[in-house]
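Thanks for coming. I will go through one model today, starting with helix packing, then a sheet, then confidence.

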Amino acid sequence: MYLPVIAQMHREHGLVTSKQLAVAGLDPGDVRRLLAAGRLVRVRRGVYADADAWQALDPYRGQPMLRIRATRMGLRSTTYAFSHDSSAIPLGMGAPDPRTSLVHLSRTKVHGDAVRNGVKHHLAPYLPGDVTDVEGLAVLSRARTALDMVREHGRAHGLAACDAALRHGVTRAELLDHLSRMSCWPHSRCMRWCIEHADALAESYLESLVRDFVLELAIGAPECQFGLSDGHATAFVDLIVDRHFFEADGLLKYPLGNPSGKTPEVVLAEEKRRHDFLTGFKLGSSRLTYVDLFSGRQAALARAAREYADTCARFGTETADLAPYRVSRTRPRISGAGHGGTCAQRPPAACRTTSRTRPGLAWPHEQVFGRTGQGEARGRGVRVLGIDPGLTRCGVGVVDGSVGRPLSMVDVGVIRTSSDLPIAQRLVTIEKGLDAWIEEHRPDAVAVERVFARSDSSTIMGTAQASGIALVVAARRGLPITMHTPSEVKAAVSGNGRADKAQVGAMVVRILRLSELPKPADAADALALAITHVWRGAASNRLEAAVAQQQALVKAQKQKMRTR
């Protein structure tokens, strides 16, 4: 090609305009011949690139970036900023399909939104502080881009954009600040919903789309980056609900030349070992691809619902036994460009999505979350007082926390009585001590160890008497009471219902992040009871409530039959 043209292309990131070609001495006929010979490609109207250089570019970032630069070369106005997909791609936030996306411009002076020559112009005011420079391009900030993506592409892709913004360091407060300036714009309710549901732990664009898919299933609020370790191996899953995990599979790791550089056989073997490791914890799984999320969505929803139901039937929904093996990923990994909070309200009807939502589908939190308890209202989960009854030493421990969150010890100790005192006086001392603990720490629930038979009748009698005092004190204050057997406590804390005291004590130290095990053993046992109730008590209470409701319904039906 003519040397001045090559030099011009190097100055403009490999691009050249028709006017520059004319200045270099090439007439329109020459340009047509170069296009026909495959030496040039038309990037957009009046802007060309070297064909070999264009083909060598990544279609998910390199080629879209060149289209954006080609658009900039043809603009006369200087009061604009690249926005929507055209800011998401340079900022590494991903887009629905960078290969075919339009170039988007936000301008303060344009007569409404319009598409001209592959460029979409948006009448969308912005502040000077909203503009940032990326490789010489004026683009809107990540916070503003995330909200623009919600408005342009709907809920699913908008959620992915908000996830990416948080992943790159944008705070939820920044997103809400931008939303406050856009509150009267179309789709503001959908923008607010996406902000509230955004999660920085979503590692890729595809993973965010899978999270939207799981929410549509209406089985529960998914947890991102759930990790398990047995001390030898560690594995993370993209999303988990109860005991069922969901994997986002972009199918990029299997072909030859995959990013890992490993052969497909090695990749498949490693993936099989990982899957076997995870399912060894009695977990079910669903694997989802792009086809499942779009053209095959309805069939995939039905399949995933069947798989989740099968997991619940085989393993239940409680995950307290997994707590000793839990590990967390504290710092999310920033995914590449291209395809890569807790929910508080129902998604608004104005939220659009790329797929049709099933009619009558309830949103997950309507089925999972009940009325907020006293402890949850205080922002610390639930506070449980664990009581290990005993006549000489009555262990007491207070723990704050909730399922899926770290637990913390508030206080621990023992109430002692002298064996020289009469039984009645010793029971009064225990009663006053328990009253004082409840008054000081204001627990939301009380967990008491269930007395079991021993060969030593004098010991079992004293333990039973102290247990009765604990039940009376809690009932008098109207606190919910749950009794746990020693094997239940061992299974919940250590994963083994036959564990010895040393194993249980070691797990108490690990779960509550203590420097050493509280002494005497009665105090540590009380903490173990409190931990058990935090993890299992809510499920027991729901089960009892469901049974009571069913019994009341049966009784009402029988009464109705008698009156006929």
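Start with helix α7 (residues 142-153) and helix α8 (residues 155-167), which pack at an angle of about 170 degrees with their axes 7 Å apart. Helices here are DSSP runs of H or I of at least four residues, strands are runs of E of at least two, and both are numbered from the N terminus. Axes are lines fitted to C-alpha atoms, for helices over the stretch in contact, and angles run from 0 to 180 degrees between N-to-C directions. That makes α7 roughly antiparallel to α8; the cut-offs are under 35 degrees for roughly parallel, over 145 for roughly antiparallel, 65 to 115 for roughly perpendicular, and oblique for the rest.

On the α7 side the contact is made by R142, A146, M149, V150 and H153, and on the α8 side by R155, H157, G158, A161, C162 and A165. Contact means heavy atoms within 4.5 Å. By class, this contact has six nonpolar, three polar and two charged residues. Ala, Val, Leu, Ile, Met, Phe, Trp, Tyr, Cys and Pro count as nonpolar, Asp, Glu, Lys and Arg as charged, and the others, Gly among them, as polar.

This is a predicted model, so to speak plainly about its rules: local features need pLDDT of at least 70, side-chain atom pairs count only at pLDDT 80 or more, and totals for chains, interfaces and linings use all residues. Residues are numbered from 1 along each chain as its sequence is written, and side-chain values use heavy atoms, with hydrogens and water left out.

Next, the sheet. Five strands form an open sheet in the order β17-β16-β15-β18-β19, with mixed pairing; two strands pair if DSSP finds at least two bridges between them. The edge strands, each pairing on one side only, are β17 (408-416) and β19 (481-484). Direction ignored, neighbouring strands are turned by 20 degrees against each other on average.

Strand β16 (residues 393-401) pairs with β17 in the antiparallel sense over eight bridges. V399 has M409 of β17 as its bridge partner. Helix α17 (residues 423-441) lies across β15 (382-388), β16 and β17, and runs at about 160 degrees to β17.

Last, how confident is the predictor, on a pLDDT scale from 0 to 100 for each residue? The mean for the protein is 82, and 84% of its residues reach 70 or more. Confidence is lowest in helix α15 (residues 364-368), at a mean of 27, and highest in helix α6 (residues 85-88), at 95.
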